[in-house]
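Please walk me through this structure in the viewer. Tell me what to select at each stop and what is there.

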Amino acid sequence: MIIFGYYIVLKKKLRTSQSSRFFALFSGVVLSLILSGFIFLLNKTNPFEVFTSSFFAIFGSLYGITETFLIAIPIAACALAVGVAAMIKIWNIGAEGQFVAGALGAGISGVYFSFLPSGLLIPLMFTSGILFSMILGVIPGILKAMLNVNEILVTLMLNYMATLFMLFLLYGPLKGLDNFPYSKYIPDNTFLPLLFSSRLHVGVFIVIIIAIILYFFMKKSIWGYELRVLGESYKAARYAGIGVKRNIILIMVISAAIAGVGGILEVIGVQHRLQPSIAQGYGFTGIIVSWLSKNNPLTTLWVSFLIAGLFVSGSDMQISYSLPTSIIKVFQGIVFLSILASDIFTDYYISLEKK
Amino acid sequence: MKRLTIIVLIALFSMIGCKKTNDQFKVAFVYVGSVNDGGWTASHDEGRLEIEKMFPDVQTSYVENVPEGAEAERIITTFAKKGFNVIFTASFGFMDPTINVAKKFPETVFMHCSGYKRAENVGTYFGRMYQAKYLAGIVAGKMTVTNKIGYIAPHPIPEVIRHINAFTLGARKVNPEASVRVIWTNSWFDIQKEKEAAYSLIEVGTDILASGCDSSAALVVAEEKGVKCIGYDSDARAVAKNTFLTAPMWNWISVYADIVGKAKNKEISDYTNVDYWNGLETNVIKLAPLSDLVPQDVKNIVTDTTQLIIQGEEKIFTGPLKKQDGSDFLSENEVADDGTLLSMMFFVEGVNGVIPLN
């Protein structure tokens with residue numbers, strides 16, 4: 001594009017850093033606030049008031065912060081899952097289903113083995129949740145590795161299978177009291193301990209630990225190096241003697257298990273039972289978060305927190321300003337779009353060049 | 001870039017000073033659907049707007065499309081934290097979240113719609129909607145030609161089953177040949193599923209569609225296909241001008257006004273026994289005005305029956321009645337008590353449908 005005899009050129013930055021990522025994100029947020037400000041004006045609400053009020057809804061109290069962390073946990077788990085697979089250019093669109101599978105595993109064992117002491121039951125819930133979600137990982141993994149079936153389609157379809165299977169169980173054998181699609185509660189001695197007398201549970205540390213382990217594993221370990229080679233080129237990896245098929249399957253299983261942990265934590269940390277609204281699109285939000293954080297597990301953590309804040313502020317806008325949900329959805333859409341669009345400034349900068 | 005950040009941050013923090021506060025009496029509503037669903041949530045929101053008119057010093061707020069689960073707990077908590085005095089939670093699935101939050105806010109009054117768990121600061125409210133469903137059933141029974149009536153039902157829980165049974169009894173009282181075919185959507189509010197259910201009911205030859213779900217989607221389909229229809233929750237005749245017969249409706253204002261009035265004056269200290277469950281006599285439920293498609297003689301029957309129900313001379317669940325499987329439900333002149341009605345988990349004779357595994 002030419003303006004006043006200048007070319008507008010996108011140039012690649014020589015090096016990208018956490019801070020350039022942060023500023024790209026920040027400029028996206030500012031852009032989205034300006035754009036959505038007009039939407040709020042159309043609704044006869046003062047956008048500055050709305051934004052300050054939402055800001056305080058998230059950061060203004062311990063309650064807001066803990067609630068934001070609470071939503072960030074499942075989002076971060078799904079984003080980490082997507083990120084691990086994306087490292088070797090495998091697109092795991094199935095975090096939602098794997099999350100549900102993890103929740104199912106934990107919920108089913110929690111309901112049916114409620115007679116076990118909590119010392120046995122909690123590990124059992126974790127194991128079965130992880131196993132359930134691994135099933136959803138191993139299927140697309142094997143199909144991709146052995147038959148080169150597109151993993152995007154398989155993981156996407158498995159989402160529906162997992163969710164529908166959960167609904168089938170909730171309307172059938174798992175149905176608890178009231179004939180409503182809820183399972184029974186899991187025994188209360190298995191609930192995860194809570195922090196700061198809020199609803200935030202210790203699962204937040206589990207997710208942080210997973211992220212740290214992933215970070216070091218990806219950057220420092222030999223296997224992590226192999227995977228990065230694999231991510232660059234399957235051919236090169238094969239030439240270097242790195243097992244492509246084995247790694248694809250392994251990574252899909254690990255990815256699914258991480259999303260599954262998110263589901264497990266949601267059951268034993270928050271909901272304490274299974275119910276249809278357990279996943280709420282966390283898996284899909286995770287894809288966006290993973291993309292924004294460029295597969296860096298540590299970046300994923302704080303991006304998840306910001307995105308979670310977006311959800312918390314959404315309900316605050318409704319409460320304080322009686323804005324309809326459709327406006328909130330538009331607002332959140334604008335934020336996502338602007339952030340994704342501004343993402344390009346992480347790696348590029350604009351320069352004006354004379355003709 | 002850095003300078004820009006600093007400027008924006010300063011701007012953000014300088015806005016701290018402009019938070020508004022007020023000491024008004026505040027009433028909150030938590031909705032499962034959207035306020036313009038033309039059904040359940042719309043009926044509650046009409047009540048909310050009426051409250052604002054009736055009590056000028058009362059401020060109201062709401063959140064719509066709240067999922068029934070942990071999310072609801074956060075929203076109810078936020079309302080309580082913001083100092084709302086009365087919080088109405090208008091869906092069955094909000095029951096446990098309401099109870100959980102209420103424990104932490106003993107000063108706040110919580111009112112949960114359609115549930116059965118109460119506490120010192122949690123009351124419940126609902127209405128004998130089955131009476132209006134019975135009247136709608138009479139209209140359907142009189143108007144059907146194929147003797148097949150379709151009913152789109154949300155969740156297989158006692159409330160909904162009670163409504164279907166009452167509707168069927170009404171239809172078969174005036175037309176013993178009539179049968180009611182039920183399709184479950186397994187959701188309170190799902191426009192797509194409600195539409196699909198409506199199409200398939202028309203497909204199997206039902207010539208009257210009755211909805212038990214929260215949206216007016218079924219009426220839209222009925223209008224498109226030229227099939228007569230009976231709405232639910234709100235008077236949504238605007239979407240089905242040529243096919244709308246009537247709709248059993250909620251009119252929450254009487255309940256809401258009563259609760260808000262009493263809560264303002266702190267008249268009730270213990271809500272453990274506060275349970276509103278009234279019928280046609282209080283206007284909390286009513287039948288929308290019958291449309292011009294309904295002949296005068298049917299209108300007369302409906303008016304007469306309404307009077308009999310209000311006077312208590314006609315009880316809907318009165319024997320002899322048989323269950324769907326042919327076994328006896330009520331013997332001659334036996335009247336079902338409220339306990340039976342509240343835990344109803346079977347269909348009566350004349351319903352064509354299955355209650356999923358229970």
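Which strands of chain B does helix H2 (residues 40–54) lie across? Select H2(B) together with strand E1 (25–30), E2, E4 and strand E5 (122–127) of chain B: the helix lies across these strands and runs at about 160° to E2(B). Helices (H or I, at least four residues) and strands (E, at least two) are DSSP runs, numbered from the N terminus. Axes are lines fitted to C-alpha atoms, for helices over the stretch in contact, and angles run from 0 to 180 degrees between N-to-C directions.

The model is predicted: local features need pLDDT of at least 70 and side-chain atom pairs count only at pLDDT 80 or more, while totals for chains, interfaces and linings use all residues. Residues are numbered from 1 along each chain as its sequence is written, chains are lettered from A and ligands numbered from 1 in the order in which they are written, and side-chain values use heavy atoms, with hydrogens and water left out.

**The sheet of chain B**

Now show the strands under the helix. Six strands make an open, parallel sheet in the order E2-E1-E3-E4-E5-E12 (chain B). Strand E2 (58–63) and strand E12 (275–278) of chain B are at the edges with a single partner strand each, so one side of each has no neighbour in the sheet. From one strand to the next the twist averages 20°.

Select strand E3 (residues 86–89) of chain B. E3(B) pairs in the parallel sense with strand E4 (residues 109–113) of chain B over four bridges, and also with E1(B), again parallel and over four bridges. Two strands count as paired if DSSP finds at least two bridges between them.

Buried means under 20% relative accessible area, exposed over 50%, and partly exposed in between (1.4 Å probe, protein chains only).

Beyond four places in sequence, Phe88(B) touches Val27(B), Ala28(B), Phe29(B), Val30(B), Met111(B), Tyr125(B), Tyr256(B), Ile259(B) and Val260(B).

Phe88(B), Tyr125(B), Trp252(B) and Phe317(B) touch the most other members of the largest nonpolar core, which has 108 residues. Helix H5 (residues 129–143) of chain B gives this core its largest share, 10 residues. At least three residues come from each of domain 1 (25–127 + 252–282) and domain 2 (129–249 + 317–352) of chain B. A nonpolar core is a set of buried Ala, Val, Leu, Ile, Met, Phe, Trp, Tyr and Cys residues joined through side-chain atoms within 4.5 Å.

Colour the two domains of chain B separately; their bounds come from an automatic or database domain assignment. Their centres, taken over C-alpha atoms, are separated by 27 Å. The contact between them takes 20 residues from domain 1 of chain B and 19 residues from domain 2 of chain B.

**Loops of chain B**

Go to Thr243(B), in the loop between strand E9 (228–230) and strand E10 (244–246) of chain B. Is Thr243(B) buried or exposed? Its relative accessibility is 5%, so Thr243(B) counts as buried. Leaving aside neighbours within four places in sequence, its contacts include Ala222(B), Glu223(B), Val227(B) and Leu293(B).

Next, select Gly319(B) and Pro320(B): the peptide bond from the glycine to the proline is cis, with omega near 0°. Pro320(B) is in the loop between helix H10 (296–310) and strand E14 (321–322) of chain B.

**Two loops of chain A**

Most residues other than glycine have a negative phi, and most peptide bonds are trans. Select Lys89(A), in the loop between helix H3 (62–87) and H4 of chain A; its phi is positive, near 60°. Lys89(A) has 45% relative accessibility and therefore counts as partly exposed.

End at Asn148(A), in the loop between helix H5 (118–147) and helix H6 (151–171) of chain A. The phi of Asn148(A) is also positive, near 55°, and at 57% relative accessibility this residue counts as exposed.

Note on methods:
Contact means heavy atoms within 4.5 Å.
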